[in-house]
Amino acid sequence: MPQVSHVSETAFLNLPKAAEYLGISPNTLYVWRHRRQGPPSFRMGRRVMYRITTLDAWVRAQEQADSRSNSALNLLSQKPRRRSKAAR
């Protein structure tokens, strides 16, 4: 039977550990949580917890949403569009 000793320790992070994992301050993560801006979190009893896989997915989504790292969103790489006649 496989042993599952470290799965519960590494699957979830509390707020300070999640902030360390993301390389930001715990206060920033706390503010993001209350503004509903940051990565998804949930309560486990009294603790605010973050699933590591969710943190990784959130970081990937941030990378894709940033025009500096996603050339498809960069306005400078797109063809200029003509103005409509109504805009004149």
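Two strands are taken to pair if DSSP finds at least two bridges between them. In this predicted model, pairing of that kind joins three strands into an open sheet with the order 1-3-2, and the pairing is antiparallel. Strand 1 (12-14) and strand 2 (42-44) stand at the edges, and because each has a single partner strand, one side of each is left without a neighbour in the sheet. From one strand to the next, the twist averages 50°.

The pairing of strand 1 with strand 3 (residues 47-51) is antiparallel and runs over three bridges; within strand 3, M49 is the bridge partner of N14. Another residue, V48, is in contact with L13, N14, L15, R33, S41, F42 and R43, when its neighbours within four places in sequence are left aside.

Helix 2 (residues 15-22) lies across strand 1 and strand 3, and the axes of helix 2 and helix 3 (residues 26-35) come within 8 Å. The table sets out the angles that helix 2 makes with two other elements.

| Element | Partner | Angle |
|---|---|---|
| Helix 2 | Helix 3 | roughly 110° |

With its axis crossing that of helix 3 at roughly 110°, helix 2 is roughly perpendicular to helix 3, because angles of 65 to 115 degrees count as such. On the side of helix 2, the contact is made by L15, P16, A18, A19 and L22, while helix 3 brings P26, L29, Y30 and R33. Sorted by class, this contact between helix 2 and helix 3 has eight nonpolar residues, no polar ones and one charged residue.

Which residues make up the largest nonpolar core? There are nine in all, namely L13, L15, A18, A19, L29, V48, Y50, I52 and L55. Helix 2, strand 3 and helix 4 (52-65) each supply at least two residues of this core, and the largest share, three residues, comes from helix 2.

The phi of R36 is near 60°, which is a positive value in a residue other than glycine. Is R36 buried or exposed? Its relative accessible area is 79%, and because a value over 50% counts as exposed, R36 is exposed.

Definitions and conventions: Residues numbered from 1 in each chain as written. Predicted model: local features only at pLDDT ≥ 70, side-chain atom pairs only at ≥ 80, totals over all residues. Heavy atoms only, no water. Helix = DSSP H or I, 4+ residues; strand = E, 2+ residues; numbered from the N terminus. Axes fitted to C-alpha atoms, helices over the stretch in contact; angles between N-to-C directions. Contact = heavy atoms within 4.5 Å. Parallel < 35°, antiparallel > 145°, perpendicular 65-115°, else oblique. Nonpolar A, V, L, I, M, F, W, Y, C, P; charged D, E, K, R; others polar. Core = buried A, V, L, I, M, F, W, Y, C linked by side-chain atoms within 4.5 Å. Buried < 20%, exposed > 50% of the residue type's maximum accessible area, 1.4 Å probe, protein only.
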